[in-house]
Amino acid sequence: MMQLLIIAPVILPLGTAILAFIFTSSLNFQRWLSLISFGLQLAVSLLLFEKVTHSGLQVLWIGNWQPPFGINLVIDQFSALMLVTSSLLVFCISIYTWSQGINLREKQLRYYPLIHLLFMGISGSFITGDLFNLYVFFEIMLMASFVLMSLEKKRSRIEGAIKYVTLNLLSSAFFLAALGLLYGNLGTLNIADLAQKISLVESANIVMPAVLISIAFGIKSGVFPLYFWLPASYPQLPSAMVALFGGLLTKVGVYAMFRVWTIIFRDLQTDLSSWFIIIACLTMIIGVFGAIVQYEIKKLLSFHIISQIGYMILGLGIFSKYSIAAAIFFIIHNMIAKTNLYLVGGVFEYTQGTTQLKKIGGYVKLLPFLSIIFLISALGLAGIPPLSGFFAKFLLIKEVFIQKSYIAAAIALGVGILTLFSMLKIWAEAFWKKAPQGDQVYSVKTTLKLPKTMYISMSILASATVLMGIEAQTIFSWTLDAAEVLNKPEIYIDAVLKNPL
Amino acid sequence: MESVIFKSAERFLFPVQSLMAMFFLLRGHNEPGGGFIAGLIIACAFTLKKMAVGHEANFWLRSFSARRLVQLGWILAFASGIFAVIKSQPYLTAIWGPSIFIPGIGKIKLGTVLLFDFGVFFLVWGMVMGIFFLLIED
């Protein structure tokens, strides 16, 4: 039974995708199917998390092939946490898109199989213990998201999708080249096996694949010199979809970066850590400055994704147990808060048909409850106590200070203030100011009603942000456990390679 | 395409290609061949057929819907892993049955691997045929 549970995060979405692909005639069936499937996924992730917390790493060799030759799935605390967070997000998004509100072209019915395949790629990347398999899951994710992007044949959308797929294929090429070099040098692609054997080779042979792989993951996650595709493609999508992409896809890149740099390329890390810190700082600054000038919510939030990726990379660059734990805390907090902000942006799209801040307004009177949800998420993202973002930033910046990177700490603090500034800009423009009158193309409504499902999903995510702030102690202890494994790769190696079948 | 030579050649090619596909499909696993190659060959056979006769003329050509083939292949490949789960082994563990002898090909070991190969065969067949048919119609 345990064996089925470990692989469930991959085969559950796969099976659902097949079912959704066969029974395409009924929209209602598809909705219920994905709701149930994502609900099950959440339950499975929680079970796995519980299991990992109590009895250590879970390893499965698919098809019973002997280690290290077979393909394995490894679930440690880090991947379990990511699984739980991502399945919570897709569950909420599937509730959010229940009503026809979002312009998703649900009726095309191609949306559902693809969304499950996309999620299979995401959760597969989180649990795989093999670099080549990681590549395969990345490709599944890329192809599914590309087709999802181009479902609606609008000029701007196709343009964004092509930019997205081109740069991400480039990233795949880099990744594949790195895998070739690694395999040529070490004869294995199993993460644990690589970590064990990497010290046998001269480090000059490892630098090239390490750099290539970082470029690949850097493109995926959108770090400083490689982020251009992100603000070019994400804002073209409908809000619910961009919530899914922005909340999850870039974080998969960050996850992979953490995984390879902590477990495989550990020894190189110490030489390169100043580079990581420089890149992280530049990513933070460029992202937040990009966001400040934007007056379109989805563009603004897309630049904020980049800026927040910087914080995560900063945690990796400092490279102590506490900084990694803080960065993992940050990833979880950011996934939830950012997704919820996109969902709020989706409400503007649904009610007024636009996300231009200049053209909307007066939402504090129109939808008071929505403004509370927005405030929680926005202040959480900016890092106002007692919400989750405060603890994430506090833990991270404290550790940066302890490790004596004062400039990086100052930049992180400054970027936090600028984040608050652009969140307040949304607040002032969309909620606080009166709805623009006069010769507007968009009719200004005086009363609005939102479907209940939208409220439910956004409330779940907003309360998750609040809970993460209240229960910061517990969650930080979990992320510390996760960082423990990343900090001591021996635990990971032993669990994978000395696991009796 | 109106060409008598092409049409008559195709009439002989089609059965040969289909047999080739079956041969490669069953021969696979330990020797060169397998579901992917077989799927490509049979998709080529059907594409040639369609180019030669046009689909209006041929009733049974239309009964092979690309979409259905992909679905069938997907189900078979997915199901081939489930058998191992029932026997409480990790997903996708190969489970072997008895061997049978097929003249002209040789001994074939029945098992979930063969089922997986069939799944890949149908999936590739449907996928490639679907793409080709779309291109021809344009």
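The crossing of H13(A) and H18(A) is left-handed, a label used when the near helix is turned anticlockwise from the far one by less than a right angle. This is a predicted model, where local features need pLDDT of at least 70, side-chain atom pairs count only at pLDDT 80 or more, and totals for chains, interfaces and linings use all residues. Side-chain values use heavy atoms, without hydrogens and water.

H13 covers residues 321–352 of chain A and H18 covers residues 452–470 of chain A, with axes that come within 10 Å and cross at roughly 150 degrees. The pair is therefore roughly antiparallel (angles over 145 degrees get that name). Helices here are DSSP runs of H or I with at least four residues, numbered from the N terminus. Among the residues that meet are A:Phe329, A:Ile332 and A:Leu343 in H13(A), with A:Met454, A:Leu461 and A:Met468 among those in H18(A); contact means heavy atoms within 4.5 Å. The residues of this contact split into 14 nonpolar, 4 polar and no charged.

Turning to the two chains, 13 residues of chain B touch 17 residues of chain A. About 1400 Å² is buried between them, 75% of it from carbon and sulfur atoms (buried area being the accessible area, with a 1.4 Å probe, that two parts lose on being put together, summed over both). On the chain B side, B:Trp74, B:Pro90 and B:Tyr91 lose the most area to chain A, together 43% of what that side buries.

As for salt bridges (a side-chain nitrogen of Lys or Arg within 4 Å of a carboxyl oxygen of Asp or Glu), the interface of chain B and chain A has 0, while the count over all chains comes to 8.

How values were computed:
Residues are numbered from 1 along each chain as its sequence is written. Chains are lettered from A and ligands numbered from 1 in the order in which they are written. Axes are lines fitted to C-alpha atoms, for helices over the stretch in contact, and angles run from 0 to 180 degrees between N-to-C directions. Helices (H or I, at least four residues) and strands (E, at least two) are DSSP runs, numbered from the N terminus. Angles under 35 degrees count as roughly parallel, over 145 as roughly antiparallel, 65 to 115 as roughly perpendicular and the rest as oblique. Ala, Val, Leu, Ile, Met, Phe, Trp, Tyr, Cys and Pro count as nonpolar, Asp, Glu, Lys and Arg as charged, and the others, Gly among them, as polar.
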